[in-house]
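My notes follow in the order I looked things up.

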There are 2 protein chains.
Amino acid sequence: MKKIINDSGTVVDEMIDGFCFAHANQVEKLTDFRVVLRKKKTDHVALISGGGSGHEPAHAGFVGDGMLAAAICGEVFTSPTPDQILEAIKASDTGHGVLLIVKNYTGDVMNFDMAKELAEMEDIKVESVLVDDDIAVEDSTYTAGKRGVAGTVLVHKILGAYARQGKTLEELKTRGDALVERIKTIGVALTAATVPEVGKPGFEIGNDEMEYGVGIHGEPGYKREAIKTSAEMAKELVSKLSEAFSFNQDQKYGVLINGLGATPLMEQYIFLNDVKQELDNQALTIAYTKVGNYMTSLDMAGVSLTVIAFETDEEIDALEETVDTPSWT
Amino acid sequence: MKKIINDSGTVVDEMIDGFCFAHANQVEKLTDFRVVLRKKKTDHVALISGGGSGHEPAHAGFVGDGMLAAAICGEVFTSPTPDQILEAIKASDTGHGVLLIVKNYTGDVMNFDMAKELAEMEDIKVESVLVDDDIAVEDSTYTAGKRGVAGTVLVHKILGAYARQGKTLEELKTRGDALVERIKTIGVALTAATVPEVGKPGFEIGNDEMEYGVGIHGEPGYKREAIKTSAEMAKELVSKLSEAFSFNQDQKYGVLINGLGATPLMEQYIFLNDVKQELDNQALTIAYTKVGNYMTSLDMAGVSLTVIAFETDEEIDALEETVDTPSWT
């Protein structure tokens, strides 16, 4: 295993320390918890997200003005516990309530729900939005229903803008639920990630193979093939999204190309170019584009493609608005 | 070779197309040239950089308000030709002159110098600043003198702020030359990058080995060892920088941890944590920190550590100032 670490048991704590030191102007660690907080408290609904570590910059990189109030960092690929989530809620609420943005994995759903109940017992208003954007498979290793992946960061950004505008908890919950319906993702993996505690790649894949639909924890996808060109990968992924969306030439769409960790930006931009071609072929309007490593799977090589169908231009503005976070450019 | 590409001969053109599409609000391609231009022209000295491709987001990701006016993208790991550089100069000059920021490689130095001469023959004022921050080795495969690496992006950012303030070409040249003296970098590679045209890793390295001082084109470093902990790597690299700097407890320093392409952010933050410890041991003041993939070597795993010794707080402010570019967070 080739990693720049000290001890596989302490990677999350050391990462949080490094992160909070690097971005001390924007964030701070909640003492005794694996929680990254906005330094300057919000005067609006607090958005909170989190989950297993290993997906950096998600989610701590999106803590700051205009996005999240806090992120909870679980062990690698493991949900944070309810007590950690509860402390994040208590530290972030400023009386406007807290919205939890949760990726759809059984452990996360259970633990965030439990924290919600505990917080409500302390008279904090809490709602949650569940993100299940990965259309690759219906159920998966750690999931009942579809997995939550890169589309989650678009939810952070759009709801973050709405929260900053002063929308109420109820409005954010309603808008968030509706938004998730219009965000869909599918990916392709070229290599498997290596979890530090495990010390070897999470699955075997040949030197000339790739797999469509792999999850961000290495969950199996839907098809394995000899490695294809970028154009062929784009054709496959867009065709899957096309089935899921029923694309409409009168609607505006946004595209997120997300690197899974070890794939260079050069390849991500080449892939975007091919995705654009496929969407152009269907005469679709792309009104927003984002490229980079936003929801990774440690050192996995590959990309995911997220498409969002916009309902209003307000959503595009919300994505383009400037924020003050460590990792959103 | 596992890459998301179509044809190894067209990776640069396809990347530029994807890049300019993704960031159409900020940049545009100069027609018929591998040049990425700021969309909104400067009303001050234009900073231009570039070099071989494969180091993304450098340099095109730093084109925009507050940093570069243009970036020239050569073939992978190959200097752009003088005619390409000349066109970037002509397209960027708004009468205030042009400052070239050049990494110290023989091909780049020669071609940027030739472009400078050609531009001067067309009555454009041009100066250049040479960056040679890599302290690993004195001369190298493609270099007489020290190589230019990740410290280059700090030069883009600081001089970019000064240019936006309206400083003259002569002032920028003087300040740039002085700045380069106080920026030093050294890295460690865990794997070698694979150039698409070559199809296999640029050098052999064992499964349990790492190499200190490897260049961003895979140039040999100064020491190969069995892979160590992050803390030991930090100790080694800080000790080399310590020799080069003669650290001073009355001075403020800045730190850039730069991922070389395939190394997850998690490891970069853990490494920062260890670097901080080493600098704390020497009672040094770290006044600025940056972490992420800024000057990569395709899919190489590893990190580089850049330290800048600040002469004034104005330099820290220049690094912290908000800019409008695709890749500077």
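**Start of chain A.** Helices and strands here are DSSP runs, numbered from the N terminus, a helix having at least four residues. I note that the model is predicted. I looked up A:M1 and found it in the segment before helix 1 (11–22) of chain A. Is A:M1 buried, partly exposed or exposed? Its relative accessibility is 45%, so A:M1 counts as partly exposed. I then asked what A:M1 touches beyond its neighbours within four places in sequence. The contacts are A:T194, A:V195, A:P196 and A:G199. A:V195 sits 194 residues away from A:M1 along the chain, yet their C-alpha atoms are separated by 9.3 Å.

**Domains of chain A.** I found chain A split into domain 1 (11–180) and domain 2 (183–320). Their C-alpha centres lie 23 Å apart. Domain 1 of chain A gives 38 residues to the contact, and domain 2 of chain A gives 35 residues. I read off a buried area of about 2,900 Å² between the two domains, with 69% from carbon and sulfur atoms. On the domain 1 side, A:F77, A:I135 and A:L154 lose the most area, together 21% of what that side buries. How many salt bridges cross this interface? The rule finds 1 between these two domains of chain A.

**Between the chains.** I moved on to chain B against chain A. The contact involves 59 residues of chain B and 59 residues of chain A. Together the chains bury about 4,700 Å², and carbon and sulfur atoms account for 66% of it. In chain B, the residues that lose the most area to chain A are B:K2, B:I4 and B:M266, together 20% of what that side buries. I counted 2 salt bridges between chain B and chain A. I also looked up B:E267, which forms a salt bridge with A:K3, the closest N and O atoms being 3.9 Å apart.

**Core.** Which residues touch the most other members of the largest nonpolar core? Of its 199 residues, they are A:F271, A:L305, B:F271 and B:L305. I listed the contacts of A:F271, leaving out residues up to four places away in sequence. Among them are A:M233, A:L237, A:I257, A:L305 and, from chain B, B:I4.

**Helix 7 of chain B.** I checked this helix, residues 265–281, and it has 17 residues. From first C-alpha to last it reaches 24 Å, close to the 24 Å expected at 1.5 Å a residue. Why call it largely enclosed by the rest of the structure? Because 13 of the 17 residues of helix 7 of chain B are buried. Just after this helix, B:A283 takes a positive phi of about 55°.

**Salt bridges.** B:D13 and B:R34 meet in one at 2.9 Å, N to O. B:D13 is in helix 1 of chain B and B:R34 is in the loop between strand 1 and strand 2, 21 residues apart. B:D13 is partly exposed at 29% relative accessibility, whereas B:R34 counts as buried at 18%. I also noted B:E211 with B:R224, at 2.7 Å between the closest N and O atoms. B:E211 lies in strand 8 and B:R224 in strand 9 of chain B, so the pair ties together parts 13 residues apart in sequence. My last entry is a network of salt bridges that links A:R38, A:D65, A:R164 and A:E321.

Conventions:
Residues are numbered from 1 along each chain as its sequence is written. Chains are lettered from A and ligands numbered from 1 in the order in which they are written. This is a predicted model: local features need pLDDT of at least 70, side-chain atom pairs count only at pLDDT 80 or more; totals for chains, interfaces and linings use all residues. Side-chain values use heavy atoms; hydrogens and water are left out. A nonpolar core is a set of buried Ala, Val, Leu, Ile, Met, Phe, Trp, Tyr and Cys residues joined through side-chain atoms within 4.5 Å. Buried means under 20% relative accessible area, exposed over 50%, partly exposed in between (1.4 Å probe, protein chains only). Contact means heavy atoms within 4.5 Å. Helices (H or I, at least four residues) and strands (E, at least two) are DSSP runs, numbered from the N terminus. The expected span of a helix is 1.5 Å times one less than its number of residues. Domain bounds come from an automatic or database domain assignment. Buried area is the accessible area (1.4 Å probe) that two parts lose on being put together, summed over both. A salt bridge is a side-chain nitrogen of Lys or Arg within 4 Å of a carboxyl oxygen of Asp or Glu.
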